Amino acid sequence: MDSSLTFRAGIKDVIPTVFGYIGVGLAMGIVANTSHLSVWAVLLMSLIVYAGSAQFIIISMLLAGSPISAIVLSTFLINSRMILMSMSVAQYFKKDSLLQNIGLGSLLTDETFALSMNKLNQTKQQLKTSWLHAANLVAYLVWAAATVVGCLLGNLITDPNQFGLDFAVVGMFIGLLYLQIITDRSKSLPTQLWVVLFVTLAMYFLMRWVPGNLALIFATLLGCGFGMVVSPK
């Protein structure tokens, strides 16, 4: 990753993260196939909903005969963390049009958000729409393609976990966290490690009392507060 913010650079920078999309996308497609969803249904879900964990929940709730209102509410809660991420990224696109911002926010994911935070360390805290559009579009298309392929392969693979596909995203985020820590020179290494430890412990204890997605939001907010305390400047 370098300081270039062109469309081509966005494609280049996002390529290492697509393996996470492929692994989980294949798993999602296989699960959808075993749940008797058609390839077209899987493709439309990936293009319209475009939310990995939420799509797994949607499939299970459809099988259970849950009402549409419950499915919509569950999907919103699962993806509510994207509100925080979009607000964080939006500050770098204040001079761009509303339409541009809507396009960026609509396709922003956990992975492209983390990629953006890493990119800021190389670009003197600047981002461009061309770069993020490229990263978002590649991730979007790879996810849709992976879920379709997974659905087509569903009859051959009954248990995607046996190939470790369920660990793909976890491994990718560990890599992104590592890159963030070693490239962010604005904060000392001990400070970053303290924040990581605090958020980890907060997440661990919060998950005992609240659902995982809400725990993630609360842990993020607490982590931001803790980060301000240990690094006021």
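Mentor: Let's start at Tyr-50, which, leaving aside neighbours within four places in sequence, is in contact with Tyr-21, Met-45, Gln-55, Ser-106, Leu-107, Thr-109, Asn-136, Ala-139, Tyr-140 and Trp-143. Contact here means heavy atoms within 4.5 Å. Keep in mind that this is a predicted model, where local features need pLDDT of at least 70, side-chain atom pairs count only at pLDDT 80 or more, and totals for chains, interfaces and linings use all residues. Residues are numbered from 1 along each chain as its sequence is written, and side-chain values use heavy atoms, with hydrogens and water left out.

Trainee: Why is Tyr-50 called buried?

Mentor: Its relative accessible area is 12%, and buried means under 20%, with exposed over 50% and partly exposed in between (1.4 Å probe, protein chains only). So Tyr-50 counts as buried.

Trainee: Where does Tyr-50 sit, and what is its phi?

Mentor: Tyr-50 is in the loop between helix H3 (39-48) and helix H4 (52-63). Its phi is near 50 degrees, a positive value in a residue other than glycine. Most residues other than glycine have a negative phi. Tyr-50 also lies 8.0 Å from Ala-144, C-alpha to C-alpha, though the two are 94 residues apart in sequence.

Trainee: What about Gln-125: buried, exposed or partly exposed?

Mentor: Gln-125 has a relative accessible area of 42%, so it counts as partly exposed. This residue is in the loop between helix H8 (110-120) and H9, and it has a positive phi of about 60 degrees without being a glycine.

Trainee: What helices and strands does the protein have?

Mentor: The protein has 12 helices and 0 strands. Both are DSSP runs numbered from the N terminus: helices are H or I with at least four residues, strands are E with at least two.

Trainee: What makes Asp-13 and Lys-119 a salt bridge?

Mentor: The rule asks for a side-chain nitrogen of Lys or Arg within 4 Å of a carboxyl oxygen of Asp or Glu. In this pair the closest N and O atoms are 2.8 Å apart, and by this rule the count for the protein comes to 1 salt bridge. Asp-13 belongs to helix H1 (residues 7-14) and Lys-119 to helix H8, so to speak distant parts of the chain, 106 residues apart. Side chains of opposite charge can pair when their charged atoms come close.

Trainee: How accessible are Asp-13 and Lys-119?

Mentor: Asp-13 has 7% relative accessibility and counts as buried; Lys-119, at 0%, is buried too.

Trainee: Why is H8 called mostly covered?

Mentor: In H8, 11 of its 11 residues are buried, among them Asp-110, Phe-113 and Met-117. Across the protein, buried residues make up 40% of the 233 residues.

Trainee: How do H2 and H9 pack?

Mentor: Two packed helices are described by the angle between their axes and the distance between the axes. Helix H2 (residues 18-34) and helix H9 (residues 129-152) pack at about 35 degrees, with axes 6 Å apart. The axes are lines fitted to C-alpha atoms, for helices over the stretch in contact, and angles run from 0 to 180 degrees between N-to-C directions. Residues making the contact include Tyr-21, Gly-25 and Gly-29 of H2, and Ala-139, Trp-143 and Ala-146 of H9.

Trainee: What makes a group of residues a nonpolar surface patch, and which residues form one here?

Mentor: Patch residues have over 30% relative accessible area and no salt bridge; like charges are joined within 9 Å, and nonpolar side chains (Val, Leu, Ile, Met, Phe, Trp, Tyr) within 5 Å. Here Trp-194, Leu-197, Leu-201, Tyr-204, Phe-205 and Trp-209 make a patch of about 730 Å², with areas from the Shrake-Rupley method, a 1.4 Å probe and, for residues, only the protein chains shown as cover. One of them, Phe-205, is in helix H11 (residues 189-206) and has 39% relative accessibility, so it counts as partly exposed.

Trainee: And what does Leu-84 touch?

Mentor: Leu-84, in helix H6 (residues 81-90), touches Ile-217, Thr-220 and Leu-221, not counting residues up to four places away in sequence. Leu-84 and Leu-221 are 137 residues apart in sequence and 9.0 Å apart in space, C-alpha to C-alpha.
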